[in-house]
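Hi,

Here is the structure I promised to pass on. Have a look at it first, and then read my notes below.

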Amino acid sequence: MEFSPQQITYEIRKLAKAPKRILVIDDDASVGAAIEAILGRHQYQTLLASRASDGIQALRKSQFDLVMLDIFMPGLNGLDVLDRIRHDSSIPVIVMSGFRLRSTAQPMDYLVMASERGATLCMRKPFSATELIDAVEWATGLQRPSERLLR
């Protein structure tokens, strides 16, 4: 029996995708639940951590294929968590935030700062389910970046 290149590509992607474990660190329970529901429909396993310290502890105790990390959380913020992750690991990290700019002496774009600190990809909230899946598949090596990811 011979397989077409498309069939082979499909089977390889199916094997590579089964099952990816994703750690979601976000203090907003509704955001975490939405991400978990979307990823679950695409056969991803997720663990939610509502505090940065819980996320760091989960990373130390278990193996994940990807981390999704909110920047603005009470206590330890996402940039500090990203620094700790990058100190110990090269795991893909998607950093996300609903804040575009914060006012200080100089306005700062925190997603740009996350990118400079080693984030694999940065996403502005809100994002669509399609954008989320595209980002996860790109960050885990399952697809090439789409136009939506490169904006």
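Ile-56 sits in helix α3 (helices are DSSP runs of H or I with at least four residues, strands are runs of E with at least two, both numbered from the N terminus). Ile-56 is buried, with a relative accessible area of 9% (buried means under 20%, exposed over 50%, partly exposed in between, using a 1.4 Å probe and protein chains only). Setting aside neighbours within four places in sequence, Ile-56 is in contact with Leu-76, Val-81 and Arg-84 (contact means heavy atoms within 4.5 Å). Its C-alpha atom is 9.0 Å from that of Ile-25, a residue 31 places away along the chain.

Before I go on: this is a predicted model, where local features need pLDDT of at least 70 and side-chain atom pairs count only at pLDDT 80 or more, while totals for chains, interfaces and linings use all residues. Residues are numbered from 1 along each chain as its sequence is written, and side-chain values use heavy atoms, with hydrogens and water left out.

Now the overall layout. The protein has six helices and five strands, and from the N terminus on the elements go α-β-α-β-α-β-α-β-α-β-α. The five strands make an open, parallel sheet in the order β2-β1-β3-β4-β5 (two strands pair if DSSP finds at least two bridges between them). Neighbouring strands are turned by 20° against each other on average, ignoring direction (axes are lines fitted to C-alpha atoms, for helices over the stretch in contact, and angles run from 0 to 180 degrees between N-to-C directions).

As for the helices, α2 (residues 29-41) packs on the sheet and touches β1 (21-25), β2, β3 and β4, with its direction at about 175° to that of β2. Helix α3, residues 52-61, lies across β1, β2 and β3 and runs at about 160° to β1.

Between β3 (residues 66-70) and β4 (residues 93-97) there are four bridges, and Val-67 has Val-93 as its bridge partner in β4.

One more spot to check is Lys-125, in the loop between β5 and α6 (129-139). Its side chain makes a polar contact of 2.8 Å with the side chain of Asp-26 (a pair of N or O atoms within 3.5 Å; within protein, one must be able to donate a hydrogen and the other to accept it, and residues adjacent in sequence count only if both atoms are side-chain atoms). Not counting residues up to four places away, Lys-125 touches Asp-26, Val-31, Asp-70, Met-96, Ser-97 and Gly-98.

Cheers
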